[in-house]
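The structure is shown first.

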Amino acid sequence: MRRIWSKKLAIISMATAVTISTLGFTGYNSFPEAKGKKNEPTNVIMMVMDGTSAGATTLARWYKGEDLAMDEIVVGGVRTHSAESAITDSAPAATALATGYKSNDKVIGLLPEVVNTPGVDAVDPEDAYKPVANVLEGAKLLGKSTGIISTSEIQHATPAGFSSHATHRSNYQDIAEQQVYQEIDVVLGGGKEALQPGTTRNARVDGENLIEVLENKGYDFVESRDELLNTNSNKIWGSFAPSALAYDFDRQATNNNEPSLAEMTKKAIDTLSQNEKGFFLFVEGSKVDWAAHANDTIGILSDVLAFDDAVKEALDFAKKDGNTMVIAVSDHGNSGITMGNVNTNSNYPEIPVSAYIDPLKKATMTIEGALRQLKSDRSNMKEVAELYGLDNLTATEIEHLQTSKTLQADMTKMLADRANIGFSTGGHTGEDVFLYAYGPSKPFGLVDNTDLAKTMAKFLGVDLDKTTDKLFVNARESFENKGYTTRIDVTDENNPVFIAEKQKIKIELPVNKNIAYVTQNNKSYVKTLDGVTVYNSKDFYVSKTALNLSK
């Protein structure tokens, strides 16, 4: 009997190996490693579809009626937990993906203070909230071109995790300024309001106009699809909306002259790939997460499909280039979306695909886009409901919507019920997510989110820990060890400055910038550092180059 089972297991193992090989898993059928890395640049395109559960991609495939571009490169799964929770927020998720370190809720690019998740290494209390380098910073130090793209504000949690360091994801003031002074070659997305003073929620309170700074740095600052597609600059900053960009369905329905995620991705690749040393590009499809929070099935479909179009652009380039790693992944699940709900408990074997998809096909806009068309007196409620796919409403249903105090939730639930779509929550979820990857040295299997940062860094030739040691030394300790006296100047509370003085030398290091002001023997000059200065409300962290500025 044992021999029979051994033979069966051997046959099963061989069949599994063949199946996995057919699917392109690296463990059985790997792409060739990059050749001649000193002569051929290595590139990484890291793509995140925020808050996208497996149920969302499954539904998107049925809706599209054919395979997704991502389906071709599925290679495994990703564990997403944070240092303190089984269910992560986007900020520590981005920190893990970008730096290789788990962190705490709302924290961007810093080590955690609280570690209680099994399997996560503890952090020395003295290192809590210490900045750690991300893959983009490492690539930049090697002379590679860098870029970040997002359909939300570019200062939002996930792009922030790949470009900045802050104790709270909502601190757009610090995040925006660090991004500007990181010298990133291509930045495309929303968030214009965080770049200049104003009266809106995220407008700058420090009086600085970062758009003027960008122009002085030689960026072509573009604000529309046409301007983006027509620029030939090798330094591009695109701000296409005060806050987030529109959902892709809404963008198409209103023809608002915002670029699609695929167009931004292609433009960034075309620009960054001109660097003979290679590039690192981060791309986020942000608003799948927002739609999932709202249980908006149409919003989820809209931006999963838009993200998939961007993945195709990345793959088209990678297949031609042969030396580019593409990774696409969700940072966490959201909403628990399912095909099937409590209404299908007993009859699910009889329900055809059309019963789920046909009701959704009637919508031309997301709930956000549709409700923006609603008049203040709701007199066009019927027409707005039809934009969201809710046709043939009864008089009772229309009356209910016209008087509803939870209109968005009522409409999204009504459509979900018609399409037999289920939602378990309006928050994040803790399940593993799919891993999609292509190219030499690509990751595969079930991995931790921190492993992806390490995989990208190794392929690019980046040592993340050494990069951290180079970019983020404790300013007070380091300068005082060299005989300086130090202090923090908070005369302007929105622009704290670290000051080190010794004899006739004075070094001033403003927060969030990559510059130092040096006065020596009554002569002043400005030095550019190789990284931004970070203040975590307790300590300043500066580049090692700041320690050797005196002449």
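Which residue caps the N-terminal end of H12? Asp-296 does, with a side-chain oxygen 3.2 Å from the backbone nitrogen of Ile-298.

## Basis

The model is predicted: local features need pLDDT of at least 70, side-chain atom pairs count only at pLDDT 80 or more, and totals for chains, interfaces and linings use all residues. Residues are numbered from 1 along each chain as its sequence is written, and side-chain values use heavy atoms, with hydrogens and water left out.

## Helix H12

Helices (H or I, at least four residues) and strands (E, at least two) are DSSP runs, numbered from the N terminus. H12 covers residues 297-321, and its end C-alpha atoms are 36 Å apart. This agrees with the 36 Å that its 25 residues should span, where the expected span is 1.5 Å times one less than the number of residues.

Of the 25 residues in H12, 18 are buried (buried: under 20% relative accessible area; exposed: over 50%; partly exposed: in between; 1.4 Å probe, protein chains only). Just after the helix, Gly-322 has a positive phi of about 80°.

Five strands make up an open sheet in the order E16-E17-E18-E19-E20, with antiparallel pairing; two strands pair if DSSP finds at least two bridges between them. Strands E16 (485-489) and E20 (523-528) each have a single partner strand, so one side of each is left without a neighbour in the sheet. Within this sheet, E18 (residues 505-510) and E19 (residues 515-520) are joined by four bridges, and Glu-508 stands opposite Tyr-517 in E19.

Another open sheet has three strands in the order E15-E22-E21, also antiparallel. Its edge strands are E15 (473-474) and E21 (534-535). E21 pairs with E22 (residues 540-542) over two bridges, and Tyr-535 has Phe-540 of E22 as its bridge partner.

## Salt bridges

The structure holds 26 salt bridges, each a side-chain nitrogen of Lys or Arg within 4 Å of a carboxyl oxygen of Asp or Glu. One of them joins Lys-64 and Asp-308, with the closest N and O atoms 3.8 Å apart. Lys-64 lies in helix H2 (residues 54-64) and Asp-308 in H12, so the pair ties together parts that are 244 residues apart in sequence. Lys-64 is partly exposed at 32% relative accessibility, whereas Asp-308 is buried at 1%.

Arg-487 and Glu-501 form another salt bridge (3.6 Å, N to O). This pair links strand E16 to strand E17 (residues 497-502).

Definitions and conventions: Polar contact = N/O pair within 3.5 Å; in protein donor to acceptor, adjacent residues only side chain to side chain.
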